[in-house]
Amino acid sequence: MTWRVVVGTLLVVATMIIVAFTAINEPARMADFDAGFEARSIEVGAALFESNCMSCHGITGQGIPGVAPALNSADLFNGTRLTEVGWTGALEDYVRLTVAGGRPLASTGTSYPQRMPTWSQEYGGPLRIDQVENLVDFVMNYGLTYAAGTGAETAAAAPAAEGIGANLTDPALPAGDAARGEQLTMDLGCVGCHVTATVGPAWLADSHPSGTGIGTRAGESVTASDYAGEATNAVEYLRESIVNPNVYLSTGFTAGVMPAIYADSLTAQDVADIIAYLETLK
Amino acid sequence: MAEIFKVHIPFLDDVKEKGLKDALVAKTDESVERLTAGMNIEAVRSMLRGDPVTRPNPRVKPHADGFWLHMRPTYFNKKVMPWYPTFRLGFLAVYFLVVETITGVILMFWYTPSTLVAYENMLNIMGNVPLGLMLRDLHKIGAEAMVAIVLLHMLRTYVTGSYKKPRQFTWHTGVWLLLFTLFLSFSGYLLPWDQLSLWAVTIGASMSEAAPPPVVGRIVDVLVRGGPGFGDIGLLRFYLGHVLLLPILLFIALGIHYYKVIIHGHSLPPGVEADGEDTARKVPMGVRDYFMPDVMTKELYWIALWTFIIIFAVTVGNLYHAPLEPHADPQITPLHTTAPWYFLWLQGMLKLGDKLIWGIIAPTVLLGFAFVLSYLEVGPSRRYIRRRLGMSFAALTVAVFAILSYMGTPYYAVSSSPDQEVMAVLAPQTHPGPLRGTPAEELVVGEYSTHAVASVPTAGLLELMELYEEELVKFGDDLPDSEGLMIIEDWQVGLKKITLRVLWNGGERAADLAVYLHADSNYED
Amino acid sequence: MTVKETAGPQIAPMTRREFLYYVWAASMAIFTAEFTGLMIWFIYPRFREGEFGGKIRVTIANFPSVDTGPKDFSAGRFWISNLGEQSLNDPRQSADYIIQPGLKVLYKVCVHLGCLYKWVPTNDRFECPCHGSKYLANGTRIDGPATRNLDTFEFVFADASGNVIAEVSTVGEGRLEEAGALEIPSNAAEIVVDTGQRIDGARNTRDGGGL
């Protein structure tokens, strides 16, 4: 019986020591834990970014000219952009409000005619509040690249070696690779306006009222009576839509919405690939 | 006039009579006797010394006159004290109930049952509140232990035939206690509001929808969930059930159960008495183990031991930590979602067929049978040899539940496409898994293939690629001529993107999975 | 060997077992005390930076100008007063208290019974709507049932890189001790107010202010 008293005492003392030891280590452990879950939030944010934001802001957040600004860029984190927009509060709050609310009206004075969607469920968007926080953490993590000037300035998509120019026949188009063309439409953000959104004419057959895809419509439009451009066949029509978009507008669409930069920023190969892809969308 | 303000303090009379020291000692002695409800200092000391009992015996007075010890017996039969026959499971079940109540009430200081903040509350408890992690882990380990222990206690009671006359009602209340314990564990499961909580409980609650007739089933389902799916209302209801309704029911049932145990006395080991005889109530003088001090000492020792074990396990021993998965997402059910282990048998049953028969009728029949089991008198003997049928029945039940539980695990008969299965081994959706558990330094940027496993630069990558290859071989029939690719890229400072790509049919078919991994996310812990 | 229950306790020698029981009981008592203490630490409110109870930062651009009346910061629940010559020479000021130029961070809660006092520009003083306590911009009580000057928060000045360049300290002795004001250093970029650390105002009970 006495042995129980002794062992019982030892157990209580051992428990006391273990609890005290744990308590002493708590501040360090808690900081570690917080850092761990902040890191996990960034991971979730990265996955959300991939499925929701990449098509406009670029795969690496580099921005797409005419579509959406760069997030992976020094000027966001060194205060330049905040001064430009007149925001006096914290950067994180600015990012949070932008992700949550989007841009209900297209930003004037910028080259982003298309509005940014609203994301938070608080304002009718698809994402929960914690998911908005995950995205904020992911975007803020780009800041580490520019901390104390360690990272390089990331410009938006660098201009191509030589732009194809506005002429519809010179230079002649090389053979096009439809698969590469499809990838380009995603990288450049064309899909942001022409597939799911209705900013520009829908490319897919079941998204367009006529029931036909852009591949078919190109041939029809070029021979339509109201056609005002200089193309003589479907390929030239598509080329003109890319390099000189305001010459002829499809019914219901206005001038000045499609970015007019592609004549300078895309190479002949790029255009050939894109056209090859578009032609497959009958 | 002075008379009105005269105050009579009896203690001062004593002091005048005996002198200060003696009066103080006498006062302390009286206080001790009052506190213990009948034992003064002399009696306490004599008990602690282990002196033989005097007549009248003061050590029974705390039981007779006190509140806390009133229901507890003054002595036990020595034959029921060792490991066998009880394995002390009943005591242990109550011990864990107390642990759960204390840790639960303490955790309530930092938890609000709202879908907007529940998960953040968990992160707060684990990362911003000192000892929050320890208390949460204790609460979870206590819950799992309690379910296991009450099940073992039930099995033990059946095997030793302790449910037989006159203890039928005790068994019956015990089945209620089992039910309340299971529901307490189930309702608590939802509270962290992570993916595991939401979906495990959704599956469980969905079974209520199958209750016939359909209109009743649907009403019950909506009442329980507070809507078509779990949300704020459902979470609040489960919380109220967990902290208020079920504990109240449990304590009432426990009171009745324990009272019945004491009234009849702990049943003796089978074989000690003649068949049909029950002499447990009267414990002869020679075989008494008195509560004060012997049984009390044993109980305190047992409490000290188990407290040490659970605290050790969740702190320095690092043997057990409650998981926390990503935030609950009502739009995505993770692959391989499982029910808690004590409900796997039910999941297994559901795979046998119709939700109504296997989800409602069969469990109800089983439960109903358990409730009335003690009243189905087969024979008066509690001896094992005379209960061959009963023993076989017990063994069969255990085996059937084990098999059903295995069937309830996600790997049995529920699988997605083979490429998804392969990728899910490396990067599962319900827990971190091997890929996330590999330290960040070992995941070197590059492209790796299962066709060139040996050429990977680090040991961690080697382990992963070998596992990858193994899984592809396992699914070789469905994925002929396969190759597994792992592409690791630097994505942001501290963040890597790992793309798993499974190619099969010689590269004709492919499937991708992207995993983002941050160096600090601590999945190895 | 009968024991007379009324004769008082007999002193018998302590055995080893009895002693060990007392040691065990003591260990359980100490464990309970340890656990209770840790649980108080557990349930003690935790403050992260930016919340009231934690540290709140105010940049220099948001400071009130000298002697123009205090500025309100609801998030931190404090007023910031910028005291200059005018405040130092205020005739209503009781001579018992040491008044310094610079910033003072005053807790918005009246030290009488917990209401929030207001700044009344026409009277150039704080006035509490509940029982009429009145205070100057530097926190000195000049009228009303309050029994001390306004409470203040500890704060430090930090430069642009976040280094602490000046800390507020107390002035006066005994019952007259309270926080002093702190002049704004030239390279200060912000102040960091620790709303978890409050400094009580000095005792002030006389009519018209004073000890």
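B:Glu469 is partly exposed, with a relative accessible area of 34%, where buried means under 20%, exposed over 50% and partly exposed in between, using a 1.4 Å probe and protein chains only. This residue belongs to helix α19 (residues 459–474) of chain B, helices being DSSP runs of H or I with at least four residues, numbered from the N terminus. Together with B:Glu463, B:Glu466 and B:Glu470, B:Glu469 makes up a patch of negative charge on the surface; such a patch joins like charges within 9 Å, taken from residues with over 30% relative accessible area and no salt bridge.

The model is predicted, with local features needing pLDDT of at least 70 and side-chain atom pairs pLDDT 80 or more, while totals for chains, interfaces and linings use all residues. Residues are numbered from 1 along each chain as its sequence is written, chains are lettered from A and ligands numbered from 1 in the order in which they are written, and side-chain values use heavy atoms, without hydrogens and water.

Over all chains there are 34 salt bridges, each a side-chain nitrogen of Lys or Arg within 4 Å of a carboxyl oxygen of Asp or Glu. Three of them are listed here.

| Salt bridge | Closest N and O atoms |
|---|---|
| B:Glu30 and B:Arg34 | 3.1 Å |
| B:Lys140 and B:Glu144 | 3.3 Å |

B:Glu30 and B:Arg34 stand 4 residues apart in helix α2 (residues 20–35) of chain B, so about one helical turn separates them; B:Glu30 is partly exposed at 32%, whereas B:Arg34 is exposed at 63%. B:Lys140 and B:Glu144 are likewise 4 residues apart, in helix α8 (residues 132–159) of chain B, and are therefore separated by about one helical turn.

The structure also holds 44 aromatic pairs over all chains, counted when ring centres of Phe, Tyr or Trp (its six-membered ring) lie within 6.5 Å, with planes under 30 degrees apart called stacked, over 60 edge-to-face and the rest tilted. A:Tyr227 and A:Tyr248 form an edge-to-face pair, 5.1 Å centre to centre with 75 degrees between the planes, and this pair links distant parts of the chain, 21 residues apart. Both A:Tyr227 and A:Tyr248 are buried. In chain B, one aromatic cluster is formed by B:Trp83, B:Tyr84, B:Phe87, B:Tyr95, B:Phe96, B:Trp302 and B:Trp306.

Key
Patches are made of residues with over 30% relative accessible area and no salt bridge: like charges are joined within 9 Å, nonpolar side chains (Val, Leu, Ile, Met, Phe, Trp, Tyr) within 5 Å. Accessible areas come from the Shrake-Rupley method with a 1.4 Å probe; for residues, only the protein chains shown count as cover. Lys and Arg count as positive and Asp and Glu as negative; His and the chain ends are not counted. The place of a charge is taken as NZ of Lys, CZ of Arg, CG of Asp or CD of Glu. Helices (H or I, at least four residues) and strands (E, at least two) are DSSP runs, numbered from the N terminus.
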